[in-house]
Every structure is written in C-alpha cells, then in structure tokens.
Amino acid sequence: MRKIINAPEDFVDEVIDGLLLAHPGRLAPVGADRRALVGPNAGRKGRVGIVTGGGSGHLPLFLGYVGEGLASGVAVGNVFSSPSPAQIHAATLASDGGAGVLYLYGNYGGDIYNFDIAADLSAADGVRTATVLGADDVTSAPKEKAETRRGVAGLFFAYKTAGAAADRGDDLDTVAAIAQRTCDRVRTMGVGLSPTILPAAGEPTFTLDEGEMEIGIGIHGEPGVHRGALESADEITDRFLAEILPELDLPEGSEVAVLVNGLGATPLEELYLIYRHAHGVLAERGITIRQVYIGEYATSLEMAGASLSVLALDDELAELLDAPAHSPFYQHAAGGLGEADDREDAPATGSTAPGEVAAREIATVANPGPLYRVARAVLAKLPSHAEELRERDAALGDGDLGITVSSGAKAAEGALQDLPEDAAPREIFSAIGAAFAAANPSTFAALIGGGLLAAAQSLDESDDISTESLARALRAMTDRVMERGGAEAGDKTVVDSLLALADQLGSEAADAPALEVADRAVEAAGGVVERDAERVSQRGRAAWVGERSAGHPDPGQVAFHRLTQTIAEVLRTQ
C-alpha cells in the first residue's frame with residue numbers, strides 16, 4: 001500500500017480535521033466526534049434542511065455538496081462504511097429550520113438502515129423527515145428491479161435541484177418530489193481500470209490484469225457486467241450510451257445535463273475524450289446538452305476509471321440546475337452552458353486567421369539524389385522504436401520520448417508527401433523540422449525540430465545533397481540545439497551524439513560511398529551511447545534523478561543511434 005497517510009485508523013478523522021481547518025465558516029462540526037458536519041445554510045428558518053451521508057473515500061461525495069444551494073448537513077462514515085444513526089441524527093437536528101429535513105443519499109443497505117433509525121430518533125424530537133434514494137447505476141440491477149440499483153455520481157444532480165428548490169422556499173414534500181424526479185430521470189454507467197485500496201485493509205478491493213477494464217464496476221469495487229481488454233475512449237462511451245439512452249425518454253429536441261466523472265485517478269484529459277464523443281452522439285440524435293459537468297464528483301479513493309451520467313431535463317429541473325450554488329468543492333454561478341457565438345465576425349471553429357495563406361513556391365534542384373526517398377523510408381521505420389524509447393525515457397524522465405519520436409516521424413513523413421521528389425535539401429530539412437516540432441510538442445521535439453530548421457537555413461536553395469552539405473547542416477543543427485538547450489559536450493545528452501556525428505561526417509571524404517559513411521555514423525552514435533551509459537546526466541529531466549541516472553543510457557542518444565541504424569538499413573535496401 002502506497003498512501004500519504006498517518007495511522008490508518010485515524011485517516012477519516014484527520015481528513016475531517018484538515019477540511020475544517022481549510023474551510024472555516026464553510027463547514028462546522030456538530031457533536032463531539034466531529035462526524036456530523038453542517039454548512040452555513042443549516043437550520044435556516046423556514047428552509048427545508050437536506051442531510052446526506054455515507055462512507056468516506058468518495059470525495060467530493062458526500063460532504064462536498066454541503067453548502068449554499070445544496071445540502072445543509074452530512075454524516076461521515078468510515079471508509080466505504082455507513083455513518084451511525086447518532087451522527088445522522090445530529091446532522092438532522094442541526095439542519096432543521098422548522099420546515100423538516102430531506103434525507104438524500106445513495107441506495108446502500110447499511111446507509112438505509114442507519115438513516116431509518118435516525119429518522120425515528122428525529123421524529124421523537126419533533127423533526128419531520130422524508131427520504132429520497134439515488135439509484136442511478138444502470139448496470140447494478142436490471143430495469144425491472146431499478147429500485148435496487150446503487151446510487152453513484154448521478155446523485156450530484158439531486159443535490160443541486162433539491163438544494164435550489166429548498167432555497168426558493170419549497171416545502172418538504174415539494175423538495176422531496178423534485179429530488180425524486182431528478183433521481184428518476186438520471187442514469188449512470190462507469191468503467192474501472194484499476195482497484196482502490198482501503199487504508200485500514202491495505203489490499204486492493206479487486207484485481208484487474210494488465211490491459212483490462214471492467215465495465216459497470218461500482219464505486220466500492222463491486223463487480224461490473226463486462227471484463228475485457230481495454231477499449232478506446234469512444235468505444236467505452238458507446239457502451240455507456242447504449243445502456244443509458246434506452247432507459248431515458250429523449251426524443252429529438254430534448255435537453256439533458258451531462259456529467260463525466262473521474263473515479264479518483266483519471267486525468268481530466270481522458271474525461272474530456274468521453275464528453276467529446278458523448279456530445280457527438282447526442283447531437284446526432286438532436287438532443288441538446290444544457291449543462292455540462294466534467295471532473296471528480298464521486299470518487300473511489302485512487303481508483304482509475306470514469307463514469308457518464310445523463311439527466312433528462314424538464315423546464316423546472318433545468319431552471320434549478322441553473323441556480324447558483326457553492327461549497328468548498330463546488331461552485332456554480334447562475335446560468336446555463338451558454339449560447340454559441342453566432343456573430344458574423346466570430347472565428348470559425350478550427351480557424352487560426354482570417355483569409356487563406358498563399359501557397360509558397362517550393363525550391364527544387366537539378367540533381368536531387370536519394371535524400372527524399374531515403375528520408376521517407378527512414379521516417380516510416382522510426383516509429384518501430386517507440387516502445388523501446390518510451391521505456392528508456394521512463395527510467396530517467398517522463399516516458400514521452402517514444403510518442404514524440406513516433407508521432408514526429410509520422411508527421412514528418414506526411415509533410416514530405418506534400419513536396420516533390422526533386423525538392424531542395426533545404427526544403428526537405430525544413431519540412432521535417434517543422435512537422436517534428438509540431439506533432440507532439442515537447443522539449444526533445446522543440447530542440448530537434450529547431451535544430452533541423454537551423455540545418456535547413458544553413459543550406460542554399462541550390463545546394464544538392466553531398467557529404468559536405470550534410471556536414472554543414474549537421475554542424476548548424478548541433479549549434480542550435482546547444483544554444484537552445486544549454487547542454488554541452490560531456491553532459492550525457494543528445495548533444496554528445498550530435499557532436500560525434502558532426503565530427504565523423506566532417507571527416508569523410510567527398511567521394512566516400514554513402515553506405516560506408518552511414519555505417520561509420522552507426523558506429524559513432526553507438527559508441528556515444530556505450531561510453532556515456534555509466535555517467536551521471538547533467539542536463540534535462542534525466543539530471544533530476546541525479547546519481548540514479550548512472551547505468552541508464554541517455555534516451556536521446558539511443559534515439560540517434562536508432563536513427564543512424566535505420567538510415568544504414570534503408571541505404572542497404574535502396
């Protein structure tokens with residue numbers, strides 16, 4: 001177990017301590033054990049109180065939705081465990097402003113039992129309560145048993161609509177009816193990619209093999225409905241919508257709210273991929289998205305995965321979603337998603353400038369030689385080294401070198417397709433450099449792309465390919481990389497490879513056979529990798545790991561060694 005915690009048994013109470021210290025005035029404890037918390041709207045005269053609760057480990061669910069325009073109180077259980085009736089009762093009494101209290105929480109047995117007891121205790125104190133359960137997880141039970149389904153991320157919508165209804169002065173029955181209508185009109189489906197580990201247990205709640213996913217998994221690790229090889233974002237989203245949409249009455253012209261939720265360890269970028277495809281599918285069906293929510297709304301500690309929730313709106317629910325709300329975890333100003341910019345002078349999607357850029361005339365040479373054909377063939381083969389370069393780079397940096405080289409090579413090959421075969425070497429180097437730098441912008445891409453542009457600038461438009469012109473271009477490239485990156489000879493970077501290759505190429509006779517020159521380049525680049533492997537890196541991300549870089553070849557040097565090997569291989573075949 002790798003967690004930033006103190007004693008596992010103190011985990012929940014210390015989290016609450018941190019929350020109260022971070023958000024004074026936004027959350028306040030009720031009772032000695034500090035497991036019942038209330039917001040500034042708790043006990044407001046005439047306002048229906050809303051109390052939620054459940055196990056810890058799901059932030060911002062449940063206590064994250066205590067605040068203005070939302071719930072008024074929460075009872076906090078241990079990780080994945082229900083709060084006690086006493087804690088729920090304490091939150092109820094503190095939330096009551098004379099108009100009664102709505103219990104709004106997920107459909108889990110332990111929670112139901114304890115909230116029911118709390119309702120009995122509250123009734124004895126003269127507080128009227130009503131209960132609405134979130135049960136939006138479509139894969140946890142068939143439609144005919146929908147009342148037994150789990151409550152997951154879709155519960156957020158009920159907090160929002162019920163909280164807004166309470167704020168406008170609706171009575172308890174009306175607030176409960178709105179919460180119920182919201183729960184009845186929302187459906188959710190999720191996917192898990194890795195398990196969560198309870199602090200007190202120290203063991204994963206489930207296991208998945210490398211490269212597997214589980215569709216329909218619950219937020220506590222409950223089994224889903226399909227386990228198989230990891231699919232693309234679009235394929236996963238299609239699975240979600242295939243289950244969600246048939247259960248919602250959404251004719252053309254309908255309005256919905258969409259929530260893409262991360263389960264705790266999923267990058268926002270991946271959530272936006274899900275939304276991108278969901279938006280496209282809904283648009284094709286003539287369904288308008290009125291509100292969008294993307295982020296972590298109901299998590300499961302460090303579980304990797306995501307869920308998609310769709311709420312079928314009516315006019316009232318849309319108005320309630322638009323109402324302002326704020327808590328330490330959620331902020332919403334009044335208003336909807338907003339209208340698209342329909343001004344006549346508004347920039348078109350994807351446009352970067354008004355008007356079109358005139359095509360530039362490409363310089364050509366009388367004796368083009370094999371540079372164009374060799375470059376195309378080499379660039380086509382370079383992506384085969386992506387996995388090796390990723391692994392090399394992951395040992396010393398962020399692991400992106402494989403994709404940088406692979407995507408850069410593919411982009412560069414595509415750029416060459418737009419050039420004639422008799423394009424001047426200057427044009428070829430320029431096209432490769434610009435495409436490589438733009439394909440996957442990173443430090444390596446920028447340095448090498450910029451270096452190739454410097455190589456292009458060192459050549460005249462009329463220069464044919466020759467050992468002398470290539471040596472001149474390589475020296476210009478090396479100078480530019482050193483100038484921009486700051487690395488020097490001996491720093492154990494790609495600069496050492498460039499310097500060695502520049503020296504080697506500069507020493508070649510003008511009439512030396514191309515294949516022999518290439519073989520000597522392979523030997524020079526390989527010698528740098530072997531020589532520097534045991535050194536400590538002095539520049540770049542690899543330098544950040546200090547002495548641990550010794551024993552690992554520099555990834556950039558390996559990339560140039562593979563480049564020279566590929567050039568030699570292509571020359572042999574051509």
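User: What should I know before we start?

Analyst: This is a predicted model, so local features need pLDDT of at least 70, side-chain atom pairs count only at pLDDT 80 or more, and totals for chains, interfaces and linings use all residues. Residues are numbered from 1 along each chain as its sequence is written, and side-chain values use heavy atoms, with hydrogens and water left out.

User: What is the order of the strands in the open sheet?

Analyst: Helices (H or I, at least four residues) and strands (E, at least two) are DSSP runs, numbered from the N terminus. Two strands pair if DSSP finds at least two bridges between them. Here, six strands form an open sheet in the order S1-S2-S4-S3-S5-S6, with mixed pairing. Strand S1 (28-30) and strand S6 (129-134) stand at the edges. Each has a single partner strand, so one side of each lacks a neighbour in the sheet. On average, neighbouring strands are turned by 25 degrees against each other, direction ignored.

User: In which sense do S5 and S6 pair?

Analyst: Strand S5 (residues 101-106) and S6 pair in the parallel sense, over six bridges. Tyr105 stands opposite Leu133 in S6. Gly106 has Gly134 of S6 as its bridge partner. S3 and S5 also pair in the parallel sense, over three bridges. There, Ile50 stands opposite Leu102 in S5.

User: Which strands does helix H3 lie across?

Analyst: Contact means heavy atoms within 4.5 Å. Axes are lines fitted to C-alpha atoms, for helices over the stretch in contact, and angles run from 0 to 180 degrees between N-to-C directions. Helix H3 (residues 109-124) lies across strand S3 (49-56), S5 and S6, at about 170 degrees to S5. Helix H4 (residues 155-167) packs on the sheet too, touching S3, S5 and S6. The direction of H4 makes about 170 degrees with that of S5.

User: How many residues of S5 are buried?

Analyst: Buried means under 20% relative accessible area, exposed over 50%, and partly exposed in between (1.4 Å probe, protein chains only). In S5, six of the six residues are buried, so the strand is largely enclosed by the rest of the structure.

User: Which residues of S12 point one way, and which the other?

Analyst: In a regular strand, side chains alternate between the two faces of the sheet. From S12, Ala304, Ala306, Leu308, Val310 and Ala312 point one way. Gly305, Ser307, Ser309 and Leu311 point the other way. Strand S12 (residues 304-312) is mostly covered, with nine of its nine residues buried.

User: Which strands pair with S12?

Analyst: Strand S7 (residues 186-194) pairs with S12 in the antiparallel sense over eight bridges. Arg187 stands opposite Val310 in S12. Strand S10 (residues 255-262) and S12 are antiparallel as well, over seven bridges. Val256 has Ala312 of S12 as its bridge partner.

User: What lines the largest pocket?

Analyst: The largest pocket has 42 lining residues; Leu371, Phe429, Leu470, Leu563 and Ile567 lie nearest its centre. Its space is about 1,200 Å³. H18 supplies the largest share of the lining, seven residues. For classes, Ala, Val, Leu, Ile, Met, Phe, Trp, Tyr, Cys and Pro count as nonpolar, Asp, Glu, Lys and Arg as charged, and the others, Gly among them, as polar. This lining has 35 nonpolar, five polar and two charged residues.

User: Which residues lie nearest the centre of the second largest pocket?

Analyst: They are Thr443, Phe444, Arg539, Gly540 and Arg541, from a lining of 25 residues. This pocket holds about 550 Å³ of space. H13 gives the most to its lining, with four residues. By class, the lining has 12 nonpolar, seven polar and six charged residues.

Technical notes:
On a 1 Å grid over the protein atoms alone, a cavity is a set of points where a 1.4 Å probe fits but cannot get out, and a pocket is an open set with protein on both sides within 12 Å along at least five of seven lines; lining residues have an atom within 4 Å of a point. Grid points are joined across faces, edges and corners, and a volume is the space filled by probe spheres set on the points.
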